[in-house]
Amino acid sequence: MNFPFSTIIKNKNSNQGLNLDFILNRCLPLTGVLLFFGLWWFIAVSGFVNPVLLPTPLATVQTLMEGLFGGSMFSDLATTVLRTFSAFFLATLFGIPLGVGLGSSEKIYRSLEFLIEFFRSTPASALIPLFILFFGISDFSKVVIAGFSAFLLIVFNSAYGVIHAKQSRILAARVMGANRWQIFKDVLLLESLPQTFIGLRSGISIALVIVIVSEMFIGSQQGLGKRIIDAQQILNVRDMYASILITGSLGYLLNMLFLSLEKRLIHWSGK
């Protein structure tokens with residue numbers, strides 16, 4: 001069959017349009033990055049701020065690269081990542097089973113709701129002196145503080161996901177003859193996963209925040225938090241900004257990692 005030449009041109013233009021849209025969608029996340037570094041550069045060179053207090057983005061990135069590949073920043077980064085994931089692992093190990101157990105019985109959850117909400121609403125940094133009294137200033141103390149903060153978020157979201165599972169699916173399972181254990185295993189657990197992943201994503205973020213804060217104010221030999229506060233005290237502003245930049249990038253990458261996992265594993269969410 002012979003196709004008109006105009007049809008071929010239209011199909012070619014359509015494919016080009018689709019490719020252009022795909023490229024533009026892929027580049028959209030870079031818009032915020034360019035705006036951030038552009039505004040930073042403009043303020044740094046405009047003279048609004050003393051250049052000693054605000055280096056240019058290029059100078060900061062250069063210091064970051066030198067610290068990662070030729071200095072001690074990589075070991076500080078590795079220490080912070082290890083503490084964050086250790087805290088997150090402990091929080092997940094205890095938080096998900098407890099949250100699912102509480103959510104499966106709304107009466108039990110309501111009876112303990114005050115305790116959960118009280119500690120969840122209390123700023124985690126305010127509890128640091130309490131944990132220091134019990135666990136000292138060791139690395140374990142930093143992990144426990146961060147883990148406790150993440151634990152509360154994971155418990156709350158896991159329980160919330162089970163409690164608010166779609167009743168239509170529960171009723172459908174009962175009509176088909178499923179028993180309580182089958183409903184819990186095949187309906188409630190699956191229904192709770194989207195909300196549980198929200199708790200996991202929030203948990204890893206708060207764990208990183210608390211680890212950084214604890215490294216700043218609890219005795220520590222290594223860590224990005226210690227590096228930031230040390231650089232600030234000796235007015236090493238380039239290293240301070242470089243450490244802040246790598247900390248923010250780490251938080252962003254962890255958030256993107258969990259979003260990607262959520263899309264792959266919880267593909268039925270919202271359906």
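Reply: In this predicted model, the largest nonpolar core holds 43 residues. Leu64, Met73, Tyr109 and Ile246 have the most contacts inside this core. Seven helices each supply at least two core residues: α3 (57–70), α4 (73–104), α5 (106–121), α6 (128–135), α7, α9 (180–217) and α11 (237–265). Helix α7 gives the most, with 12 residues.

Start with isoleucine 246. Leaving aside neighbours within four places in sequence, isoleucine 246 is in contact with Leu64, Leu68, Met73, Leu77 and Leu224.

Now take α7, which spans residues 139–163. Two polar residues of this helix deserve a look. Serine 149 sits in α7. Its relative accessible area is 9%, so serine 149 counts as buried, the cut-off being under 20%. A polar atom of the serine 149 side chain lies 3.2 Å from the backbone oxygen of isoleucine 145. Beyond residues up to four places away in sequence, serine 149 touches Ala124, Ile206 and Ile210.

Asparagine 157 is also in α7. With a relative accessible area of 7%, asparagine 157 is buried. Apart from neighbours within four places in sequence, asparagine 157 is in contact with Gln195, Thr196, Ile198 and Gly199.

Next, the charged pairs. The whole structure has seven salt bridges. One of them joins glutamate 215 and arginine 83, at 2.7 Å from N to O. Glutamate 215 belongs to α9 and arginine 83 to α4, so this pair ties together parts 132 residues apart in sequence. Both glutamate 215 and arginine 83 are buried.

Helix α10 (residues 224–233) holds a local pair. Aspartate 230 and lysine 226 form a salt bridge, with the closest N and O atoms 2.6 Å apart. The two are four residues apart in α10, so about one helical turn separates them. Aspartate 230 is partly exposed, at 28% relative accessible area. Lysine 226 is partly exposed too, at 23%.

Arginine 227 bridges to aspartate 239, the closest N and O atoms being 3.0 Å apart. This pair links α10 to α11, across 12 residues of sequence. Arginine 227 is buried, with a relative accessible area of 13%. Aspartate 239 is buried as well, at 10%. Elsewhere, salt bridges with shared partners join Arg83, Asp139, Lys142 and Glu215 into one network.

Finally, the setting. The chain has 11 helices and zero strands. Of its 271 residues, 36% count as buried. Among contacts between residues at least 6 apart in sequence, 73% join residues at least 24 apart. The chain exposes about 16400 Å², and carbon and sulfur atoms supply 69% of that area.

An unreviewed UniProt entry annotates residues 27–49, 81–102, 114–137, 143–163, 198–220 and 240–261 as "transmembrane region". Two of these spans can be described further. Residues 114–137 are 67% helix and 0% strand, with end C-alpha atoms 30 Å apart. Residues 198–220 are 87% helix and 0% strand, and there the end C-alpha atoms are 31 Å apart.

Methods. Residues are numbered from 1 along each chain as its sequence is written. This is a predicted model: local features need pLDDT of at least 70, side-chain atom pairs count only at pLDDT 80 or more; totals for chains, interfaces and linings use all residues. Side-chain values use heavy atoms; hydrogens and water are left out. UniProt positions are given in the numbering used here, feature names are shortened, and annotations may be inferred rather than shown by experiment. Buried means under 20% relative accessible area, exposed over 50%, partly exposed in between (1.4 Å probe, protein chains only). A polar contact is a pair of N or O atoms within 3.5 Å; within protein, one must be able to donate a hydrogen and the other to accept it, and residues adjacent in sequence count only if both atoms are side-chain atoms. Contact means heavy atoms within 4.5 Å. A nonpolar core is a set of buried Ala, Val, Leu, Ile, Met, Phe, Trp, Tyr and Cys residues joined through side-chain atoms within 4.5 Å. Accessible areas come from the Shrake-Rupley method with a 1.4 Å probe; for residues, only the protein chains shown count as cover. A salt bridge is a side-chain nitrogen of Lys or Arg within 4 Å of a carboxyl oxygen of Asp or Glu.
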